[in-house]
Amino acid sequence: MGKPPVWKSSLIILFNSIFEYDYTQCVSGLITNKYLHIVGILYAVPDLITNSLAKRCILETPLCRYIPEHEVYTINTQLPSGCEPIDKMLGGGFESGVITQIFGEAGSGKTNICLQLAVQCVRNGKKAVLIDTEAISPERFRQIAGEDAKEIAQNIIIYEPHDFEEQYAAVHEVEKICSENIGLIIVDSATSFYRFGLDDDETSIRNRRELANQIGYLHALARKYGLVVVITNQVYSDVNSGSHLPIGGTSLEHISKTIIQLERMESRAGKRRAKLWKHRSRPEGEICEFTITGEGIR
Ligand code: ATP
Ligand code: MG
């Protein structure tokens with residue numbers, strides 16, 4: 001039997017679902033393993049850990065760095081959209097701390113979901129950031145938000161970039177306000193400006209890298225501030241299969257931890273199908289149907 005691997009790189013343990021995790025055992029187990037170089041434990045519920053074995057382990061282990069309060073990651077929570085079939089498919093709602101990608105053909109309901117999520121986020125007591133590249137309809141927002149549309153709108157911060165550079169600026173600008181009770185960042189659509197550059201090979205490669213950087217940056221914000229981040233993506237028709245596939249390349253696919261595909265349903269006005277393409281803790285391939293109504297998605 002070969003030697004056990006020596007992990008030269010630092011290991012940070014992230015406790016996402018502390019309630020389901022026997023973290024004390026896990027930490028003490030890891031710390032007795034001299035091959036692990038533990039630099040910190042990012043925990044979700046500070047109070048739970050205060051008098052725990054985990055904290056004693058951290059303090060008693062010279063290799064460990066105690067993560068200060070302002071770096072603490074918040075517990076992974078879910079933001080329900082208020083559309084029951086979709087929330088059920090996602091096991092409760094849109095997960096915080098990760099990027100969720102919604103892709104689908106024109107008119108499949110991407111913006112409707114985004115607007116409804118923003119409204120739900122504000123109703124839950126947090127602000128939402130909307131990076132809007134496609135001129136969202138204020139009228140549609142009013143229909144979805146209902147009677148308290150005005151108050152809700154005051155808690156939605158909107159950026160309206162006009163090209164890919166401005167989209168980059170908006171994405172980087174957002175961090176300045178992330179600590180101000182923000183619960184949700186939406187980029188609708190993340191790929192419309194990117195798509196404009198696809199005809200030219202050189203621009204295409206540059207834009208692909210740039211897009212991956214932007215979404216990577218949002219992923220880091222999602223983790224650092226425990227935010228729900230939703231990006232929408234457009235599709236191309238695959239000539240071989242005839243199906244609609246998401247654009248943006250594989251890096252976009254990798255960095256999106258949840259991917260939902262939306263489809264129109266022939267001859268059924270307002271009816272849409274959502275399919276779970278990718279999820280960290282739910283079965284992939286699950287399908288649900290929802291309806292676009294005057295008041296939003298149901
Ligand atoms: P795109 O890729 O073009 O941005 P999308 O996926 O964002 O499309 P949405 O704008 O979310 O699509 O959805 C458009 C659909 O919503 C259309 O079929 C439209 O008829 C429907 N819709 C919009 N307003 C209402 C309403 N008040 N009542 C019923 N359906 C509506
Ligand atoms: Mg749209």
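The expected span of a helix is 1.5 Å times one less than its number of residues. Keep that rule in mind for the first close-up of this predicted model.

**View 1. Helix α10 has the span you'd expect.**
Helix α10 covers residues 201-225. Which residues of α10 are buried? They are N207, L211, Q214, I215, L218, L221 and A222. Just after α10 comes G226, with a positive phi of about 65°.

**View 2. Nine strands make one open sheet.**
Trace the strands across and you get the order β7-β6-β8-β9-β5-β12-β13-β14-β15, with mixed pairing. Which strands stand at the edges? They are β7 (156-159) and β15 (296-297); each has a single partner strand, so one side of each is left without a neighbour in the sheet. Helix α5 (residues 110-123) packs on this sheet. The strands touched by α5 are β5 (99-104), β6 (127-132), β7, β8 (182-188), β9 (228-233), β12, β14 (287-293) and β15. Compare directions, too: that of α5 makes about 165° with that of β8.

**View 3. Strands β12 and β13 pair up.**
Zoom in on β12 (residues 256-264) and β13 (residues 271-278), which pair in the antiparallel sense over six bridges. To find your place, pick out Q261, which stands opposite K275 in β13.

**View 4. Ligand 1 sits among 15 residues.**
Of the 15 residues that surround ligand 1, the closest are A106, S108, K110, T111 and N112. Which element gives the largest share of this shell? That's α5, with three residues. At least two residues each come from α5, α6 (138-145) and β14. Sort the shell by residue type and you find 10 polar residues, three charged and two nonpolar.

Where does S189 lie? Look in the loop between β8 and α9.

**View 5. Two loop residues have a positive phi without being glycine.**
Start with A135, in the loop between β6 and α6. Its phi is near 60°, a positive value in a residue other than glycine. Is A135 buried or exposed? A135 has 7 C-beta neighbours inside 10 Å, so it counts as exposed. Now move to N181, in the loop between α8 and β8. N181 isn't a glycine either, yet it has a positive phi of about 60°. With 10 C-beta neighbours inside 10 Å, N181 counts as exposed.

**View 6. Stepping back, the protein chain has 11 helices and 15 strands.**
The chain runs to 298 residues, and 33% of them count as buried. How much of the contact pattern joins residues at least 24 apart in sequence? Among contacts between residues at least 6 apart, the share is 71%.

Conventions: Residues numbered from 1 in each chain as written. Chains lettered and ligands numbered in written order. Predicted model: local features only at pLDDT ≥ 70, side-chain atom pairs only at ≥ 80, totals over all residues. Pairing = 2+ DSSP bridges. Helix = DSSP H or I, 4+ residues; strand = E, 2+ residues; numbered from the N terminus. Contact = placed C-beta atoms within 7 Å. Axes fitted to C-alpha atoms, helices over the stretch in contact; angles between N-to-C directions. Near = placed C-beta within 6 Å. Nonpolar A, V, L, I, M, F, W, Y, C, P; charged D, E, K, R; others polar. Buried ≥ 20, exposed ≤ 12 C-beta atoms within 10 Å, placed from the backbone.
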